[in-house]
Amino acid sequence: GGDAQDKPLASLEEAKKRQEASRKVIMDALKAFQGKEKDVAAMEKAIATLEEVEDAKRMLPALRLEVLLTKGDWAAIAETVKSATGTPEERQIISLVGQSAAKNEQAPAELKKTVAERLAELLKDKGQAYEYQTLARLQWTAGDKEAALATAKRSVESAKELEAKMPSFPT
């Protein structure tokens with residue numbers, strides 16, 4: 001009991017309070033990224049706020065990309081995709097860019113091609129079914145129908161492999 005017990009408990013309580021405060025700041029800032037009508041200035045202000053929160057640092061690259069997508073800054077998006085090193089976070093970001101570019105009629109064909117090439121490179125050894133679906137859709141919208149069909153088949157194979165390993169996993 002006594003001091004030996006009180007100090008660790010106080011430290012734990014303080015850490016819990018900091019975590020709660022961080023969570024509130026993060027949740028409030030993320031509101032700028034919700035909804036159909038996005039305000040770029042509010043999004044950029046939210047990013048500036050989140051840069052000061054240690055617990056939020058991992059989400060910043062995806063949020064910055066969301067701002068670029070909202071702005072339609074295709075050149076900056078292409079540079080982000082080209083410079084990605086292939087970490088799991090960057091792979092996810094490239095996949096998100098691919099999903100957005102495939103759906104967005106204003107996204108230039110060259111961007112779709114760049115993203116498709118980079119994603120194909122990252123998935124050459126192994127990928128998830130959803131990643132292959134994204135790549136197939138990108139290839140299709142970029143006009144590479146043969147590659148899109150081959151990639152779609154690879155997506156189905158990947159899903160079947162996962163289902164064989166984990167029968168209860170929804171594919």
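Guide: Let us begin with Lys-71, which belongs to helix 3, residues 60-71. Please bear in mind that this is a predicted model.

Visitor: Is Lys-71 buried, exposed or partly exposed?

Guide: Burial is judged from relative accessible area, where under 20% is buried and over 50% is exposed. Lys-71 has a relative accessibility of 46%, so this residue counts as partly exposed.

Visitor: Which residues is Lys-71 in contact with, leaving aside its neighbours within four places in sequence?

Guide: A contact requires heavy atoms within 4.5 Å. With those neighbours set aside, Lys-71 is in contact with Val-40 and Glu-44. Lys-71 and Val-40 are 31 residues apart along the chain, yet their C-alpha atoms are separated by 7.2 Å.

Visitor: Is Leu-123 buried or exposed?

Guide: The same cut-off of 20% applies here. Leu-123 has 0% relative accessibility, so it counts as buried. Leu-123 is located in the loop between helix 6 (109-122) and helix 7 (129-141).

Visitor: Which residues is Leu-123 in contact with?

Guide: Apart from neighbours within four places in sequence, Leu-123 is in contact with Arg-91, Glu-131, Tyr-132, Leu-135 and Arg-154. By contrast, a C-alpha distance of 23 Å separates Leu-123 from Arg-58, 65 residues away along the chain.

Visitor: Where is Arg-91 found, and what polar contact does its side chain make?

Guide: Arg-91 is found in helix 5, residues 88-103. Its side chain makes a polar contact with the side chain of Glu-131, at 2.8 Å. Not counting residues up to four places away in sequence, Arg-91 touches Leu-122, Leu-123, Lys-126, Gly-127, Gln-128 and Glu-131.

Visitor: How many helices and strands does the protein have?

Guide: There are eight helices and zero strands. Along the sequence, the pattern reads α-α-α-α-α-α-α-α.

Visitor: How does the radius of gyration of the protein stand against that of a compact globule?

Guide: The radius of gyration is compared with the value for a compact globule of 171 residues, which would be near 16 Å; the protein has 21 Å. Along the principal axes, its C-alpha atoms fill a box of roughly 70 × 45 × 30 Å.

Visitor: What may be said of burial and surface over the protein?

Guide: Of the 171 residues, 32% are buried.

Visitor: What remains to be read for contacts and charges?

Guide: Among contacts between residues at least 6 apart in sequence, 53% join residues at least 24 apart. As for charge, the protein has 28 positive and 29 negative charges, whose mean positions are 3 Å apart.

Definitions and conventions: Residues numbered from 1 in each chain as written. Predicted model: local features only at pLDDT ≥ 70, side-chain atom pairs only at ≥ 80, totals over all residues. Heavy atoms only, no water. Helix = DSSP H or I, 4+ residues; strand = E, 2+ residues; numbered from the N terminus. Rg over C-alpha atoms; globule rule 2.2 N^0.38 Å. Buried < 20%, exposed > 50% of the residue type's maximum accessible area, 1.4 Å probe, protein only. Lys, Arg positive; Asp, Glu negative; His and termini not counted. Charge placed at Lys NZ, Arg CZ, Asp CG, Glu CD. Polar contact = N/O pair within 3.5 Å; in protein donor to acceptor, adjacent residues only side chain to side chain.
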